[in-house]
Amino acid sequence: MEFREIYCSNCKKILGRYNIKFYDDDKIKELINSAHSTHVRSGHQVNIRKYEKTK
Ligand SMILES: [Zn+2]
């Protein structure tokens, strides 16, 4: 299963992990601008990383 991980380099933490089956890149960007907008507005570096679960 493949996931997209939203990571904030300033807070050094994972903000969320989303299954690419349900969340495409546009949806992830939407989430960054809605659910995680506090980080973006604070000028934090929010990155999208690939995450693979081997199970
Ligand atoms: Zn942050």
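Biologist: How do S1 and S2 pair, and over how many bridges?
Modeller: S1 and S2 (residues 13–19) run antiparallel, paired over six bridges. Two strands count as paired if DSSP finds at least two bridges between them. This is a predicted model, where local features need pLDDT of at least 70 and side-chain atom pairs count only at pLDDT 80 or more, while totals for chains, interfaces and linings use all residues. Residues are numbered from 1 along each chain as its sequence is written.

Biologist: Which residue in S2 is the bridge partner of Arg 4?
Modeller: Tyr 18 is the S2 partner of Arg 4. Glu 5 sits opposite Arg 17, and Ile 6 has Gly 16 as its bridge partner in S2.

Biologist: And how are strands defined here?
Modeller: Strands (E, at least two residues) and helices (H or I, at least four) are DSSP runs, numbered from the N terminus.

Biologist: What about the S1–S2 hairpin, how many residues are between the strands?
Modeller: Four, and Lys 12 in that hairpin takes a positive phi near 55°. Lys 12 does this although it is not a glycine.

Biologist: Is Lys 12 buried or exposed?
Modeller: Lys 12 counts as exposed, because it has 7 C-beta neighbours inside 10 Å. The cut-offs: buried means 20 or more other C-beta atoms within 10 Å of the residue's own, exposed means 12 or fewer, and partly exposed is in between, with C-beta atoms placed from the backbone.

Biologist: How far apart are Lys 12 and Lys 50?
Modeller: They are 16 Å apart in space, C-alpha to C-alpha, and 38 residues apart in sequence.

Biologist: OK, over to S3. How does S3 pair with S1?
Modeller: S1 (residues 2–8) and S3 (residues 46–52) are antiparallel too, with seven bridges. Cys 8 stands opposite Val 46 there.

Biologist: In what order do the three strands sit in the sheet?
Modeller: The order is S2-S1-S3, in an open antiparallel sheet. S2 and S3 are the edge strands, each pairing on one side only. From one strand to the next, the twist averages 25°. Those angles run from 0 to 180 degrees between N-to-C directions, with axes as lines fitted to C-alpha atoms, for helices over the stretch in contact.

Biologist: Which strands does H1 lie across?
Modeller: H1 (residues 25–34) lies across S1, S2 and S3, and runs at about 30° to S1.

Biologist: Let's look at Ile 48. Which residues does Ile 48 touch?
Modeller: Leaving out residues up to four places away in sequence, Ile 48 touches Arg 4, Ile 6 and Ile 28. A contact needs the two C-beta atoms, placed from the backbone, to lie within 7 Å. Ile 48 itself is in S3.

Biologist: Why does Ile 48 count as partly exposed?
Modeller: Because Ile 48 has 15 C-beta neighbours inside 10 Å.

Biologist: What box do the C-alpha atoms fill?
Modeller: Roughly 35 × 20 × 10 Å along the principal axes.
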